[in-house]
Amino acid sequence: MQPPNRTRTLAVAGAAVVVLATLTAGRGPAPEAEASIAVDLGDATAISDRLYGLFYEDINHAADGGLYAELVQNRSFEFSPADNGSYTPLTAWTVDGSAEIQTADPLNDANATYLSAAAAATIVNAGYNSGMAYTAGDDYDFSVWARADADTELHASLTDAGGDALSSTAALALDGTGEWTKLEASLTADATSTTGRLAVTTSDATDLDMVSLFPEDTFLGRENGLRADLAELIADLEPSFLRFPGGCIVNTGSFDPDSRERAYNWKDTVGPVEERLTNHNFWGYNQSYGLGYFEYFQFAEDIGAEALPVVPVGVTGCGDSAEITDPDELDLWVQDTLDLIEFANGPADSEWGSLRADMGHPEPFGITMIGLGNEEYKPQYYENYPAFHDAIREAHPEIAIIANSGVDDEGEVFDRSWEFAREQGADLVDEHYYNSPEWFLSNNDRYDAYDREGPHVFVGEYASLSNTWWSALSEASYLTGLERNGDVVDLASYAPLLSNIDYVDWAPDMIWFDNHQAVKSASYEVQQLFSAHAGDEALASTLEADPVEVADIAGGIGVATWNTAAAYDDVTVTGADGEVLFADDFAAGSDAWTVTGPGDTPTGTWEVLDGAYHQTAIVEDARSTAGSADWSNYTLELKATKTAGDEGFLVMFGVEGSDDYYWWNLGGWNNTTSAVEKSSSGGKSTLLNHDTVIETGRTYDLKVEVDGRTITGYIDGEEAFSVEDDAAIEPLYQVVTRDAETGAITLKVVNAQDKAITTDIAFEGRKLHKRGEVTTIACEPGCDNVLGEDQVVYPVTEQVKHLGNEFTYEFEPYSVTFITLTPTGKR
């Protein structure tokens with residue numbers, strides 16, 4: 001639901017409301033400033049003109065049951081246990097009468113399953129969520145492919161969940177030729193419902209396939225179109241590009257073209273919808289490919305975004321294992337990629353350009369970028385990538401090539417992939433990271449030192465841990481750093497974009513929806529605000545303010561395992577003053593320990609055996625903790641022995657709860673490396689990687705020193721790492737941009753503190769008007785826009801006087817504020 005208004009809203013005690021920052025300029029003496037921002041209007045750096053875009057993946061039923069406007073679930077009776085263990089060809093259907101699934105003489109080879117219904121049989125489809133959403137007076141386009149041996153009729157109608165009619169019944173005549181025939185009718189809803197059904201009744205024995213129902217009111221009225229409200233929310237983000245189709249659905253599955261769990265091939269997704277070969281979706285459901293490559297390209301064009309397709313490179317990731325090692329087989333996928341570029345850009349009389357023209361778009365779509373692979377981390381990626389890169393460079397030197405850097409923001413794979421991209425001459429490198437709010441707040445300067453001469457950066461997937469305002473605020477702080485480095489960061493896209501609230505595979509997400517409504521998350525509001533004020537130049541600006549004090553790392557201790565059995569003994573915790581805070585040799589049992597796991601759920605099998613504390617189950621994330629949450633500046637020592645399993649062991653410290661802790665992950669990732677990780681509100685980020693692997697049966701003497709915010713680890717007396725968790729929150733985060741066309745200057749400030757910050761602001765150079773526009777989003781950290789409720793996080797815009805080149809402004813707690821000023825024309 002939309003916010004009730006966009007006027008100034010004051011804080012109300014106990015309520016989560018938006019608060020407009022208080023301007024102090026021109027309204028009496030200003031409080032003493034705690035910070036100052038100085039801007040040099042003459043010192044500008046050009047930034048990317050396509051910085052803010054979108055990443056769309058069919059995850060969380062983002063396509064079928066989401067953006068794709070088809071209301072019928074399983075319209076072609078192709079659902080299978082290969083898609084989801086609960087699926088059958090009649091999933092989402094009920095049958096009153098006699099009907100059975102058939103495969104002999106199907107509609108076509110790609111659509112091999114259909115329903116053979118006897119006379120007087122009624123089939124009813126339940127759609128998605130609670131049912132189909134109908135609006136009184138709206139028209140809905142019904143179609144079906146049918147076959148009968150004698151002249152007959154079909155009857156179609158809209159009903160509610162109880163079977164009561166919500167429309168008149170359409171009678172569709174079918175000639176008894178024994179050939180498949182497409183029948184169409186328009187149905188008008190007589191009432192509004194969110195639990196609607198589609199009912200189809202036979203008069204005589206009839207074969208049915210591709211039973212379809214679309215709202216006539218699709219986005220821009222396109223056939224086989226998109227759900228209007230979702231598409232409009234996406235368009236309102238004003239994206240410069242649209243990356244698709246993935247994500248993990250790009251680089252997973254089998255490379256066998258006959259497999260039901262195939263790697264994503266764009267050729268399966270184009271042409272008539274009834275001829276598109278359905279496929280298993282990596283996220284555990286069926287993908288009809290009704291929303292295919294043509295529709296992606298068309299949607300990108302419709303919203304003014306450049307299409308950015310991502311193709312597989314013969315290597316799977318995201319936990320899958322298939323790889324192409326045969327050069328001849330790889331060549332087929334390379335050619336498919338070249339054919340895709342021809343489909344997008346080729347003339348209408350070329351082989352693949354003619355298919356695009358036949359589908360209704362004779363003019364080329366004009367793509368200029370392509371992504372090779374997604375989150376690749378296997379050695380075969382480095383073997384396969386050059387074949388794609390070289391073929392594209394030779395045939396299409398005008399196309400920018402995007403390599404990728406694995407699944408994390410740092411580490412061995414990340415470093416190797418960046419170096420590989422430089423060697424190959426890639427134009428951009430796609431970085432992905434999903435980290436804690438504290439990580440985003442602490443890494444505003446991530447790209448300050450990036451090489452401006454090598455490949456540029458595409459931040460293709462990023463998000464903080466939730467849809468609360470605190471996460472969105474941390475993302476906003478990070479975006480100021482992206483804009484400041486917009487000369488090397490060319491593209492950025494939050495992920496994921498969409499989630500059906502009843503089919504969640506991943507959270508957080510930017511837009512949440514069900515079958516009839518949607519809500520913009522707090523992250524959406526941040527993304528839209530930054531995208532609408534992107535700017536063409538970053539202006540030199542300096543913040544002066546006292547640093548924010550950050551508390552020492554504090555918390556209890558723990559031991560844990562991940563797909564491993566292990567034994568622990570002789571655990572000692574010593575304070576900085578030499579006081580022993582904790583000691584346990586398990587001679588008296590394990591009463592001092594609490595078995596726990598994700599969400600405080602006890603996990604694993606923990607017991608004392610032979611004087612040591614054992615975890616014997618081969619399970620993920622089994623933990624046992626001890627100590628006090630207020631411990632800080634201490635040394636943890638223990639003995640650890642891996643007894644079985646795939647990985648090593650985990651040593652926990654700074655434990656504040658089941659979602660907030662640090663651990664030293666020794667022998668992680670199938671015992672290939674080790675790392676220090678931090679979990680904040682349930683989301684982990686990596687502070688450091690090192691090369692240690694763990695031997696089964698060997699006892700290790702481990703020591704972790706926690707000194708302030710510095711963590712040092714020792715293995716058998718030798719230092720293994722030392723890292724500082726620089727989790728500092730800056731006093732303010734800020735960037736200043738200029739729109740080249742209008743000359744408008746926008747100061748963007750994020751205050752992530754729990755107090756207002758009074759700030760002196762000075763623009764040096766060209767004279768600015770004293771009247772400007774101020775847009776603010778502010779809320780308590782836990783605010784969250786909830787589907788079906790009034791939004792509590794949204795921007796408020798006000799025209800404000802008494803600004804100009806020098807003024808004082810009070811930035812409210814937990815706020816994002818944009819102040820836009822225009823030059824007067826005087827120097």
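The side chains of Arg422 and Glu419 come together in a salt bridge, with N and O 3.6 Å apart; the term covers a side-chain nitrogen of Lys or Arg within 4 Å of a carboxyl oxygen of Asp or Glu. Both residues sit in helix H6 (residues 412-424), and because they are three residues apart there, about one helical turn separates them. Helices here are DSSP runs of H or I with at least four residues, strands are DSSP runs of E with at least two, and both are numbered from the N terminus. Arg422 has a relative accessible area of 38%, so it is partly exposed. Glu419, at 39%, is partly exposed as well. For these labels, buried means under 20% relative accessible area, exposed means over 50%, and partly exposed is whatever falls in between (1.4 Å probe, protein chains only).

A word on where the numbers come from: this is a predicted model, in which local features need pLDDT of at least 70 and side-chain atom pairs count only at pLDDT 80 or more, while totals for chains, interfaces and linings use all residues. Residues are numbered from 1 along each chain as its sequence is written, and side-chain values use heavy atoms, with hydrogens and water left out.

Altogether, the structure holds 29 salt bridges. One of them pairs Arg260 with Asp83, whose closest N and O atoms are 2.9 Å apart. Arg260 belongs to the loop between strand S15 (241-244) and strand S16 (279-281), and Asp83 to the loop between strand S3 (54-55) and strand S4 (93-96), so this pair ties together parts that are 177 residues apart in sequence.

Another salt bridge links Arg698 to Glu695, and here the closest N and O atoms are 3.4 Å apart. Arg698 is partly exposed, with 32% relative accessible area, and Glu695 is partly exposed with 45%. Salt bridges can also share partners, and in this way Asp105, Arg147 and Asp207 are joined into one network.

Turning to the strands, S32 (residues 606-609) and S33 (residues 612-615) run antiparallel and are joined by four bridges; two strands count as a pair if DSSP finds at least two bridges between them. Val608, for instance, has Tyr613 in S33 as its bridge partner. S32 and S33 make up a hairpin with two residues between them, and Asp610 in the turn has a positive phi of about 50°.
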